[in-house]
Amino acid sequence: MSNASEPQETTSLKSKYNLAEPHDLSPRSKWLRDYYFRGLDREWNNEYDPYSTGVEWDRIWAELDFYIVPEAMGFMGKKKRGPFGSSIDLMGKPVKLPKIFWEKSLPERRMIFFEEAMVNNTPQEIVGPSLLAGSRFNLQLSKCFTQKEEEEFNKKLVKDIRPSVWKFHEYGFGNLGATGGHLIPDFPTIINKGFKYVHKLAQDKYNELSDREKRGAKGEEVRAMIHATLIPKKLAEKYAEECRRVAEETEDLERKGELEQMAKNLEIVPWEPAQTFWQAVQSLWMAHMLIMAEESYPGPGDSFGRIDEYLYPYYKKDVLEKDLITKEFAKDILGSFWFHCNTAYDGQMRVGGNQGITAGFGQLLTLSGCGPNGEDLSNELTYTMLEVIDEWSPILEPKPNVRLHRNTPDELLDTLVDMITRSQGAPFILNFDERSIEGMVLEGIPKEDAWDYACVGCLENTMQGNDRSGTVNCNPNLAKSVELTLWNGASKFFKGKPEKNLIQFGPKTGNPEEFATWEEFWNAWEQQIKHIIQYTVEVYNKTENLRAAFLPTPYLSTLVRGCVEQGLDIRNGGPEIRFITIEGVGFATLVDSLLAIKHFVYDEQKFTIAELKEALVNNFQGKREYIIMQTTLKNRGPKFGNDLDEADELARNIMETWSSETFKYKTDTDFQFRGGMLSWNYWAGEDAAYTPATPNGRLANTFLSNAICPTNGADINGPTSVTNSVGNALGGKTDDGKYVNYLPNGASHTITFNPSMLREPESKEKFKAYLRGYIENGGTALQINILDANMLIDAQKHPENYPHLLVRVTGYNTYFVAIGRELQDEIIKREMHNF
Amino acid sequence: MKMMESIQGYIFEIQKMSTEDGPGIRTTVFFKMCPLRCVWCHNPESLFKKPSIQWFQVKCIGCRTCIDLCKQQALSLDEEGMHIDRDECIACGECVEACPGTALRMLGEYWSVEDLLNEVAKDRAYYVKSRGGITASGGEAAVQSDFVTEFFKRCKEDGFHTALDLSGYLPKEKYAQIFPYVDLWLYDLKEFDDIKHQKFTGVSNTQILENIKWLVKENRQIWVRTPIIPTYTASEKNIREIGNFIVNELDNKIDRWDLLAFNNLAKAKYARMDMEWACNDLDLLLPEEMEYFFEIAKSTGVKNVKWSGLTKTVETEDSQRKISKFAPPSCGVQKN
């Protein structure tokens with residue numbers, strides 16, 4: 001589509017507060033950005049596009065991906081396909097398929113279907129002045145089941161998996177499910193060697209297989225992979241045709257020239273190695289968008305890795321050495337990339353969003369960071385990309401993480417602090433190398449490789465190109481472990497409400513009313529948390545096994561090292577590095593609850609366990625004593641987040657137990673479980689609603705603590721103290737100063753500062769020093785909000801004035817006016833750190 | 001409350017990540033007691049020798065636990081809030097210990113050197129990265145010169161930069177005792193006219209001006225600080241005279257001169273302590289007014305003049321509301 005009319009100006013902000021606004025954009029980038037924000041008014045969009053095999057039993061929507069969005073469960077049905085599934089299935093456009101289709105294996109069918117839908121049914125369009133081809137990717141693809149496969153899949157789903165997952169969630173254990181994305185594909189190989197290389201690799205692999213293997217599952221998978229590597233080539237050819245067609249119609253000579261060059265680019269990449277910066281970005285974009293199309297859940301943590309590293313040689317050659325393109329043109333190529341990333345959201349334009357669900361696409365890129373010897377790897381492209389981020393902000397995608405470490409140059413910190421100053425929330429997450437790298441080492445990555453980690457999704461650390469770490473697949477609610485301990489292994493609450501009958505889930509660890517010491521309570525708790533991990537693994541494996549058997553993704557498999565080499569799908573044990581992360585939700589709620597029990601029941605003997613249980617069942621309501629107890633629990637005694645030895649020690653012990661216990665399990669698909677504390681938006685979602693009152697004085701149906709942050713308002717000693725506590729909880733440092741990190745995947749820490757902090761040059765220097773202190777003492781990932789509470793209150797009253805006000809929640813940006821009132825209030829309530 | 005062992009410091013606040021009391025990121029320890037009675041005092045809790053109790057309305061759930069408990073019958077609660085009969089209250093602290101919401105708080109705790117050192121050492125990484133350190137403030141920290149000397153001595157042994165915030169009013173011997181362990185002197189010169197000085201602070205400035213001459217002679221690092229208080233110290237004449245004094249009498253040998261704009265954040269503190277505050281109705285200064293004093297200060301020839309603090313703009317009015325509403329009460333501690 002080439003003749004899109006000129007988009008209107010985005011309405012300028014009428015607020016009295018200083019908000020980040022896009023600035024210094026080139027006419028092209030401005031057009032693209034404005035066009036994106038026209039949303040439903042656009043004549044072109046990337047809305048969901050379902051395709052069907054046309055058979056009556058066809059299934060397009062497989063709900064597994066959405067089990068980790070428990071709010072959507074109501075639409076998934078009980079015994080049948082629910083409203084979500086059936087409506088998408090109904091909308092599916094039948095695709096003409098070759099006769100041999102149904103004779104092929106499932107992975108091969110998937111690739112035949114993928115090619116038909118993507119290359120021959122989805123229109124190829126060039127959007128406005130974009131310099132990149134590849135626009136529609138929000139495909140919803142048929143799962144290509146035969147009738148027999150569908151019956152088998154459905155039986156497992158309805159009889160076993162769905163009810164197991166529902167039960168897990170409704171009894172307050174959290175949520176889980178094998179979901180897509182959350183990895184960094186091997187893009188450098190595609191850019192530098194082309195799909196041609198992977199195609200040959202897959203063919204060689206196939207030739208190595210024995211005849212028996214060729215007839216079996218491996219043969220099927222590798223044939224599908226060989227086919228998969230051709231799809232980008234065919235799509236690029238179609239787009240090249242489109243570029244030439246549009247070029248012919250275009251009178252503007254400059255644009256005509258660009259379109260002709262785009263066609264030439266597409267005749268080279270992504271099949272052949274890229275020769276220029278422009279081709280490298282085109283190759284990257286096409287490889288990426290096809291993943292989103294294949295997984296049919298576009299963009300959940302499909303991340304780019306250290307993009308300023310692998311694109312740098314092209315940038316250096318074209319921009320810095322040969323002057324082939326100007327820096328401004330390179331920024332327009334990147335701007336086009338930014339635009340297309342954001343169109344992932346087009347699929348949700350009509351449904352709106354609540355509690356940050358609209359912000360669910362973590363197409364993350366990682367900038368800067370250290371090299372193998374601790375040296376800094378920032379380069380000119382790092383700064384150019386930061387410029388693009390700054391000029392495009394506020395914008396949701398792609399989400400940048402910037403790696404800091406002891407040798408980060410002052411120049412980079414200056415740039416970052418200036419960017420933070422100009423925006424209400426830092427337009428990036430800061431990731432801290434030294435502690436992060438120790439986490440990778442803990443999970444078995446050799447130290448000589450671990451420096452080259454990068455972040456996926458929100459902030460989860462993984463290796464690049466060969467690592468599938470399932471970073472949001474399991475999200476158990478940690479508060480449940482306290483409930484099980486208090487009720488001798490039984491669940492007392494269903495959907496957060498007390499039940500008459502106790503249901504035994506965990507081991508009988510004794511009636512805590514009879515425990516004489518804190519140690520007895522702690523030991524019982526340890527048994528219960530171990531049980532929760534075991535239960536999580538048990539239910540999760542059901543979803544993992546179903547996915548492995550029925551939902552292969554051969555295209556994605558060609559992009560992750562290990563899959564072709566082993567002839568195994570990424571969803572079935574293929575990648576070199578294989579983890580599933582169990583992300584505990586409500587860490588500080590747990591820590592403060594156990595601290596409260598230790599302090600008030602055992603140390604001070606102010607309340608008995610029986611009194612506490614009675615108050616919890618009554619949600620601290622109905623009696624004066626309950627209210628006094630709740631106020632006491634909430635306000636008195638040690639709390640995590642204040643750099644208190646007692647609290648931090650307990651936090652660290654919990655973390656150690658969590659980390660070592662999760663490592664004990666594997667999936668049937670040979671993925672290793674590991675511990676995390678991401679808590680995405682579950683701390684504010686239905687899992688929080690299903691959590692009864694907790695012993696830290698938190699009322700039922702209120703938010704849990706977020707990621708590794710203290711419970712709301714509990715940290716009263718300022719930014720350095722909370723930073724120290726976060727570092728301590730992750731393991732602190734050994735006596736000889738070595739970093740410890742129990743969570744390989746890292747954990748998000750959000751801190752809110754008042755704008756006054758960065759007003760003066762002197763205070764900027766102090767803020768930089770604080771960040772350098774964070775490198776020494778803090779956690780792995782820091783999100784900084786610079787927010788004036790009054791501005792947020794004003795935004796609640798006059799949302800029309802703040803359409804683009806971005807805030808950070810757990811590991812993602814979201815538009816403040818788009819989230820629910822409760823979450824808005826929570827963000828306002830968060831302690832504002834004042835210098 | 002820390003147990004008595006050897007020497008004890010009597011402290012009402014430990015402020016982490018302090019950025020207004022010397023270079024870099026610091027921990028500021030606020031010591032109780034002060035020989036001055038400045039009308040604009042921002043830390044009235046420092047003034048009293050004995051501990052005192054404060055009541056924080058937002059934290060109170062009205063459960064009356066404290067009232068039932070108080071043997072002195074010094075507490076009463078009505079629709080106006082909690083009343084503390086300061087004559088009856090002996091600050092035994094039982095109500096503070098029992099209050100479920102921590103609405104009642106004791107101002108003033110005893111700390112040992114060892115414990116205080118452990119507490120401030122927790123932020124070592126930030127001091128190192130920012131060239132910051134420890135500041136002793138108050139009140140007048142040097143009133144407790146034995147403790148501060150011992151504490152700063154240990155700080156120096158641990159490699160921390162030390163700053164002493166002082167009125168300069170105490171006899172030279174008090175400061176001389178701490179002298180070997182102080183890296184930076186944050187020296188208040190509030191009002192040059194001695195009559196006015198006596199009126200504003202209750203004491204003469206003769207000793208203050210003598211003591212700073214001594215420190216200059218000893219080649220100490222000094223930052224002079226002048227609170228700019230409307231209707232009191234905020235006059236062209238005062239700024240000019242202090243500037244001339246620095247240039248002529250101190251040979252312009254100080255390292256920096258800070259003009260600190262008046263802020264009214266202490267309002268709530270006075271109310272909580274049932275005290276009247278002479279500055280209650282004072283307006284904040286305009287940024288242009290601060291710029292004006294700043295230009296005068298520079299025109300006297302003093303090098304490295306800075307100004308900081310809250311001024312009257314839409315933004316600061318908002319941020320004040322924010323502070324009173326969202327920040328923990330302890331955040332109100334400010335240097336005057």
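Me: In the predicted model, which residue in β2(A) does Tyr51(A) stand opposite?
Reply: Tyr51(A) has its counterpart in β2(A). Strand β1 (residues 49-52) of chain A is joined to β2(A) by two bridges, and the two run parallel. The residue that stands opposite Tyr51(A) is Lys93(A).

Me: Which are the edge strands of the open sheet of chain A?
Reply: Three strands make up this open sheet of chain A, with parallel pairing, in the order β2-β1-β3. An edge strand here pairs on one side only. The edge strands are therefore β2 (93-94) and β3 (139-141) of chain A.

Me: At about what angle does helix α3 of chain A run to β3(A)?
Reply: Helix α3 of chain A comprises residues 106-121. The helix lies across β1 and β3 of chain A. Its angle to β3(A) is about 150°.

Me: Are α1(A) and α12(A) roughly parallel or roughly antiparallel?
Reply: The axes of helix α1 (residues 27-37) and helix α12 (residues 327-342), both of chain A, come within 9 Å and cross at roughly 10°. Angles under 35 degrees count as roughly parallel. Because of the crossing angle, α1(A) is to α12(A) roughly parallel.

Me: How many charged residues does the contact of α1(A) with α12(A) have?
Reply: On the side of α1(A), the contact includes Arg28(A), and on the side of α12(A) it includes Lys331(A) and Asp332(A). By class, five residues of the contact are nonpolar and four are polar. The number of charged residues is three.

Me: Which residue in the turn between β13(A) and β14(A) has a positive phi?
Reply: Strands β13 (residues 490-494) and β14 (residues 497-504) of chain A pair in the antiparallel sense over four bridges. One of the bridge pairs sets Ala490(A) with Gln504(A). The two strands form a hairpin with two residues between them, and the turn residue with a positive phi, of about 50°, is Lys495(A).

Me: Which residue in β6(B) does Ser52(B) stand opposite?
Reply: Ser52(B) belongs to strand β3 (residues 52-55) of chain B, and both faces of this strand are covered. Ser52(B) and Gln54(B) are buried on one side, as are Ile53(B) and Trp55(B) on the other. Four bridges join β3(B) to the antiparallel strand β6 (residues 104-107) of chain B, where the residue opposite Ser52(B) is Leu107(B).

Me: Is Asn696(A) buried or exposed?
Reply: Asn696(A) is placed in the loop between α25 (686-689) and α26 (719-729) of chain A. Its side chain makes a polar contact of 2.6 Å with that of Thr694(A). The relative accessible area of Asn696(A) is 7%, and under 20% counts as buried. Asn696(A) is therefore buried.

Methods
Residues numbered from 1 in each chain as written. Chains lettered and ligands numbered in written order. Predicted model: local features only at pLDDT ≥ 70, side-chain atom pairs only at ≥ 80, totals over all residues. Heavy atoms only, no water. Axes fitted to C-alpha atoms, helices over the stretch in contact; angles between N-to-C directions. Parallel < 35°, antiparallel > 145°, perpendicular 65-115°, else oblique. Contact = heavy atoms within 4.5 Å. Nonpolar A, V, L, I, M, F, W, Y, C, P; charged D, E, K, R; others polar. Buried < 20%, exposed > 50% of the residue type's maximum accessible area, 1.4 Å probe, protein only. Polar contact = N/O pair within 3.5 Å; in protein donor to acceptor, adjacent residues only side chain to side chain.
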